[in-house]
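Dear colleague,

I am passing on the structure below, and my notes on it follow directly after. Please read them with the model open beside you.

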Amino acid sequence: MSAENPASREVPQDNRFKVWRQTRPFWAGLFTIIGGIPIAYLPYGDLRLGNIIFAMKTTAGSTALIIGVLLVTLGLTMWFQPIVRIFAGVAAIVLGLVSIPVSNFGGFVIGFLFALVGGGMSIAWAPAPPVEEAVDTEDDGEPEASAEAGAVLTAGLPEQRGPEHHATDKTIDANGGRNSAG
């Protein structure tokens, strides 16, 4: 393959993962899942640095595991059921806040922050408006007036209001849009 030849024909022109990712709160779900992992793992796991072992075995391990699993589930729900994104976002924020006293300061604050950011992003996300395809009009042979020609003709004239403009109580003192100060 050389620089002049295009890519092979088997490569899809549209990236299906990109389209899937843009139709749902993807990053919100990812942050929520990442927030659930340290909250669930830290009460049960241990960290070994050389001969030193850090273990955070607590009596609240089962509630931390439940909170972590619920956060991972909410993140997956944001991905696969984006219609319930607001509920999932609020639940992720509440579970992140509950994890502070229950799960070692919310997974050493890492899981707490990821859960809060993911929940907030899920609440703030809104689906994009559908793209309307342009209707192809048939050419009937008449030349079309360009927008630039119309702009040049009316550049020096103020906008004229027709007889359909009715004055209301708010526009009575407007004096046709002119400022009367001074």
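**The H4 and H6 pair**

Helices H4 and H6 are roughly antiparallel to each other, a label given to angles over 145 degrees. This is a predicted model, in which local features need pLDDT of at least 70 and side-chain atom pairs count only at pLDDT 80 or more, while totals for chains, interfaces and linings use all residues. Residues are numbered from 1 along each chain as its sequence is written, and side-chain values use heavy atoms, with hydrogens and water left out.

The axes of H4 (residues 85-102) and H6 (residues 110-124) cross at roughly 160 degrees and come within 7 Å; axes here are lines fitted to C-alpha atoms over the stretch in contact, with angles running from 0 to 180 degrees between N-to-C directions. The residues in contact (heavy atoms within 4.5 Å) include Gly-89, Ile-93 and Gly-96 of H4 and Ala-115, Gly-119 and Ile-123 of H6.

Arg-85, which lies in helix H4, is buried at a relative accessible area of 16%, where buried means under 20% with a 1.4 Å probe and protein chains only. The side chain of Arg-85 reaches the backbone oxygen of Trp-125 at 2.9 Å, and beyond its neighbours within four places in sequence Arg-85 is in contact with Pro-25, Ser-122, Trp-125, Ala-126 and Pro-127.

For the chain as a whole, there are seven helices and two strands, taken as DSSP runs (H or I, at least four residues, for helices; E, at least two, for strands).

Best regards

Conventions. Parallel < 35°, antiparallel > 145°, perpendicular 65-115°, else oblique. Buried < 20%, exposed > 50% of the residue type's maximum accessible area, 1.4 Å probe, protein only. Polar contact = N/O pair within 3.5 Å; in protein donor to acceptor, adjacent residues only side chain to side chain.
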